[in-house]
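Let me put the structure up, and then I'll walk you through a couple of spots in it.

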Amino acid sequence: MTDVRVAFAKQAKPVDYLYKELQFGLRAAVGTRTLDELLENKVVIDQVVAEHIKRRVADFGLEVESVGVKDIILPGEMKVILAKVVEAEKVALANVIRRREETAATRSLLNTARVMEDNPTALR
């Protein structure tokens, strides 16, 4: 708190007010992004919440030095769905690699066949 008297003069419970504003800031940050965006870059959430909270509490004798998201906890259903998405992406990537290897093997066979066709000695 920067000024305890101002904080208690404007709010009966400044800590409760601060908590409520932190929740609103967090909802604003999370509600406007996709799950992928949230998981990729938690720093953006920190920045949005910090900006929100600084604007909202400055006139109430409060000051927040820093905020940070430690963990993002997903409900059970979301964990299962996310695991399936990751699994599907890995299967697709494995298929791409397998197809590249098959293409390379086919090219090698084609090159060998051309050499044999063009050079009867190599065929023997």
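Predicted model: local features only at pLDDT ≥ 70, side-chain atom pairs only at ≥ 80, totals over all residues.

Let's start with Ala 29, which counts as buried because its relative accessibility is 0%.

Now zoom out to the helices. H2 covers residues 14-31 and H4 covers residues 42-57; their axes come within 8 Å and cross at roughly 140 degrees. Anything over 145 would count as roughly antiparallel, so this pair goes down as oblique. The crossing is right-handed. On the H2 side, the contact includes Tyr 17, Leu 18, Phe 24 and our Ala 29, and on the H4 side, Ile 45, Val 48, Val 49 and His 52 are among the residues involved. By class, that contact of H2 with H4 has eleven nonpolar residues, plus two polar and two charged ones.

Last stop, salt bridges. How many does the structure hold? One. It joins the side chains of Arg 99 and Glu 102, at 3.5 Å from N to O. Both are in helix H5, residues 76-118, and because they're three residues apart, about one helical turn separates them. Arg 99 is partly exposed, with a relative accessible area of 46%, and Glu 102 is partly exposed too, at 41%.

Okay, over to you for questions.

Technical notes: Residues numbered from 1 in each chain as written. Heavy atoms only, no water. Axes fitted to C-alpha atoms, helices over the stretch in contact; angles between N-to-C directions. Helix = DSSP H or I, 4+ residues; strand = E, 2+ residues; numbered from the N terminus. Parallel < 35°, antiparallel > 145°, perpendicular 65-115°, else oblique. Left-handed = near helix turned anticlockwise from the far one by under 90°. Contact = heavy atoms within 4.5 Å. Nonpolar A, V, L, I, M, F, W, Y, C, P; charged D, E, K, R; others polar. Buried < 20%, exposed > 50% of the residue type's maximum accessible area, 1.4 Å probe, protein only. Salt bridge = Lys/Arg side-chain N within 4 Å of Asp/Glu carboxyl O.
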